[in-house]
Structure formats: structure tokens, C-alpha cells
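Welcome, and please bring the model up in your viewer. We will walk through it one selection at a time.

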Amino acid sequence: MKITFPKKKDVQFILLGSGYDLCKISDQIIDKGFKNPIIVTHQKKFHNRDNRLLKKYGHHIDIFSYAKKMKLEIIEEDNLEKDSLIKKLLEKGGNVVFSHACRSIIKKKFLESFDNLVFNIHPSFLPQERGAATYSWRILNGQNFVAGTIHQIDEGIDSGPILFQKKIMIKKKKMIPLDYDVYTSDVYKIIFKQFLELFYSKKNIILKKQNEKNSSYLPRLYTEVNGAIDFNWKNTDIEKFVRAFSYPYTGAFTFVKEKRISILECDTEKSDIKFHPYVNGRVNKIFSDGTIRVITTGGYLKIKKIMYKNKILKPDNLIKINDVFYTPSDILDTSRKKTFHTKNMK
């Protein structure tokens with residue numbers, strides 16, 4: 001498939017979405033001398049959770065504060081098919097659309113209004129890892145790399161033809177979602193620079209069709225529901241699960257004496273004893289630094305940091321010797337079965 005891009009002087013970018021990487025993409029556009037982009041994002045009230053979770057870790061930019069600082073026009077709109085929105089964007093000269101973390105449905109009407117010059121940046125090596133919660137799934141599945149793909153948007157889920165891709169293996173062990181987020185931003189910077197260079201060329205650009213035989217998809221995860229820990233798992237699987245829902249998220253959760261707690265940091269320890277599954281989840285040691293040791297299949301889980309009622313604590317502030325970690329079966333069933341879909345699964 002071939003596509004022709006307008007010349008740089010004629011380009012008016014429309015940016016869909018929010019977050020750190022969209023703001024950095026906007027910076028690149030401005031720094032390269034393109035016209036200031038127009039931003040379209042979901043309603044301000046739906047940004048609250050991201051702002052609350054991400055701001056304190058330094059890898060987040062509030063899109064509204066950014067637009068105000070950079071004097072950019074920002075539009076709150078969830079329905080991209082709205083005639084008034086499309087008309088407004090076209091009247092402002094919008095002719096190239098770029099998406100990151102967009103939560104609105106992108107359908108045929110919107111795509112055709114901009115001559116299909118509508119693109120997305122996705123944190124995987126498509127067609128693998130379509131969908132959402134990419135970093136958490138990658139941790140659960142033991143994959144230690146970061147990637148980025150710029151592709152044309154079609155009406156499928158991350159299925160449009162590809163312009164640029166990059167994949168980098170990471171040496172750091174026991175990554176958490178925040179680590180993947182930071183490393184992926186570096187990949188995005190590289191491939192978006194390549195994307196901008198297309199507007200200096202008069203050539204027809206050939207897009208690569210995705211190979212459906214290699215495609216895979218996993219859904220969005222919502223920590224407060226999907227992050228339920230099953231203490232019948234092996235200790236190594238629990239440790240991965242905890243990391244997958246760790247920073248910047250609120251932590252995988254379980255219960256002790258009917259108190260719901262989240263585990264943010266833990267490690268594994270071997271045991272010479274092959275414990276019966278009946279004692280899984282039981283605390284059998286408390287260390288002087290506040291760490292607690294829990295019996296699991298395959299050895300021990302050493303829990304270093306927990307959250308209770310939105311406060312981060314050393315485990316020994318709440319947990320006592322012989323307490324038992326457990327998650328009710330109905331909560332485990334809901335955790336496995338319930339999936340969440342933001343409007344376009346980016």
C-alpha cells in the first residue's frame with residue numbers, strides 16, 4: 001500500500017489522546033518547525049486517575065497544563081464521529097492526525113474525513129501484543145524488551161499497516177510497568193523522528209501490511225479488579241504478578257483478616273521444606289527490617305512493602321506472625337474473567 005504525505009509547510013497536525021508521550025510528540029512537532037498542533041482529548045474528569053497515579057513518579061505530563069503552557073488549542077471530545085468536531089478540525093486546516101493513548105472510537109467517518117492520514121503509536125512490535133496493558137502482560141509473560149510501532153489506523157484494533165517499528169532488548173531484571181514506560185518513551189522519540197522526516201520527502205511511502213498469522217491480542221487490565229493474587233500460584237508467579245501491577249499502579253491485592261491490602265514490592269526465597277498447599281499464604285517469619293515471609297508453592301514470598309487504605313507501609317505495621325493471606329474465590333473468578341475496554345483500546 002502506498003501513501004503520499006503533504007509537504008511540511010502544509011501540515012496541520014491534530015493530536016489525539018493524552019499523557020507524557022503525546023506531549024513529547026508535540027514538542028518534536030514544534031521543535032521541527034511545523035505549525036502548532038491541535039489537541040483533542042477525552043473529558044477532563046476522566047484524566048483524574050492518570051494524574052493521581054502517574055504524577056508523583058515524574059513520567060507524566062497533564063495534557064491540559066501542557067496545552068496552556070505551550071499556548072495550544074485543546075478540545076475535549078469523546079465522540080470523534082461528531083460532525084461539528086470534524087468540521088471544526090478541517091476548517092482549522094487539520095490534515096494529519098496522530099494518536100497516542102486516545103480513548104475514543106476512531107471509525108470510518110473520521111478516517112475518511114482526513115484522507116486516512118490518521119496514525120497511531122503503539123508500545124509493541126505489531127502485530128504482536130495488540131490491545132492494552134502491554135507492560136503488565138509483558139511482565140506476566142516474562143518478556144524483557146521494549147518496542148514501538150507507528151501504524152496507520154484502520155477500523156480494527158491496532159491492525160493497520162505499519163510505517164516504522166523498533167524493538168530493544170532490556171538487560172535490567174525484574175522490570176515494573178514504570179520502567180517499561182520510561183524505556184518505551186526513548187523508542188517513541190526515535191521512530192517519531194523518522195515519521196516527521198516523511199514530510200520532507202516527495203516520494204510515495206509504502207506501508208507494510210500486518211501479518212495476521214503472527215498477531216496476538218490481550219485486553220486492558222484494571223488493577224483494582226484484575227489485580228487479585230492467588231496464593232495457590234508458585235512464588236515466582238506471584239512475584240511477577242505483583243510487579244505487573246506495581247508502580248505506577250496501586251498494587252496487586254489480597255486479604256488478611258478481612259482487610260484488603262495491596263502488595264507493591266516483594267521477592268522470592270527458596271525453601272528446603274516442600275510445604276503442603278494447606279499452609280500457602282501463612283506468615284512464618286517477620287524480619288527486623290519489617291519484611292515478612294509467606295509460605296507459597298515453590299518456596300517463600302518475601303513481602304517488603306504494602307498499601308492499606310491508600311497508605312504505603314512496611315508489612316510488619318499491619319501483619320503479624322501466623323496471619324494468612326487469602327483471596328476469596330469469587331474475587332479471583334471476577335479478576336480472571338472481567339475485562340475493560342476503553343473506547344479504542346489504544
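Before the first selection, one term: buried means under 20% relative accessible area, exposed means over 50%, and partly exposed is in between (1.4 Å probe, protein chains only). This is a predicted model, in which local features need pLDDT of at least 70 and side-chain atom pairs count only at pLDDT 80 or more, while totals for chains, interfaces and linings use all residues. Residues are numbered from 1 along each chain as its sequence is written, and side-chain values use heavy atoms, with hydrogens and water left out.

**Stop 1: a pair of rings**

Select Phe13 and Phe195, both of which are buried. Rings of Phe, Tyr and Trp (its six-membered ring) pair if their centres lie within 6.5 Å; planes under 30 degrees apart count as stacked, over 60 as edge-to-face and the rest as tilted. By this rule the count comes to 21 aromatic pairs. In the pair you have selected, the ring centres of Phe13 and Phe195 are 6.5 Å apart and the planes are at 50 degrees, so the pair is tilted. Phe13 belongs to strand S2 and Phe195 to helix H7, so the pair ties together parts that are 182 residues apart in sequence. Helices (H or I, at least four residues) and strands (E, at least two) are DSSP runs, numbered from the N terminus.

Now widen the selection to Phe5, Phe34, Phe98, Phe119, Phe192, Phe199 and Tyr200: together with Phe13 and Phe195 they form one aromatic cluster.

**Stop 2: the core around it**

Which residues does Phe13 touch? Leaving aside residues up to four places away in sequence, they are Ile29, Phe34, Pro37, Ile38, Val96, Phe195, Leu196 and Phe199; contact here means heavy atoms within 4.5 Å.

A nonpolar core is a set of buried Ala, Val, Leu, Ile, Met, Phe, Trp, Tyr and Cys residues joined through side-chain atoms within 4.5 Å. The largest one has 33 residues, and Phe5, Phe13, Phe98, Phe119, Leu163 and Phe195 have the most contacts inside it. Among the elements that give two or more residues to this core are helix H1 (19-31), helix H3 (63-70) and strand S9 (162-169). H7 gives the most, with 5 residues. Apart from this core lies another, of 31 residues, with Ile170, Ile229, Phe241 and Phe245 among them.

**Stop 3: the sheet**

Switch to a cartoon view and find the open sheet of 7 strands, ordered S4-S3-S2-S5-S6-S8-S9 with mixed pairing. Two strands pair if DSSP finds at least two bridges between them. S4 (74-76) and S9 stand at the edges with a single partner strand each, so one side of each is left without a neighbour in the sheet. From one strand to the next the twist averages 15 degrees.

Next, colour S5 (96-100), where 5 of 5 residues are buried. Val96, Phe98 and His100 point one way, Val97 and Ser99 the other. S5 runs parallel to S2, joined by 5 bridges, and Ser99 is the bridge partner of Leu16. With S6, S5 pairs in the parallel sense over 3 bridges; look for Phe98 opposite Phe119 there.

Thr41 has Glu76 as its bridge partner in S4.

**Stop 4: charges over rings**

A charge sits over a ring if NZ of Lys or CZ of Arg is within 6 Å of the ring centre and within 35 degrees of the ring normal. Select Arg260 and Phe253: the charged end of Arg260 is over the ring, 3.5 Å from its centre. Finish with Arg138, which lies over the face of Phe145 at 4.3 Å from the ring centre.

Notes:
Axes fitted to C-alpha atoms, helices over the stretch in contact; angles between N-to-C directions.
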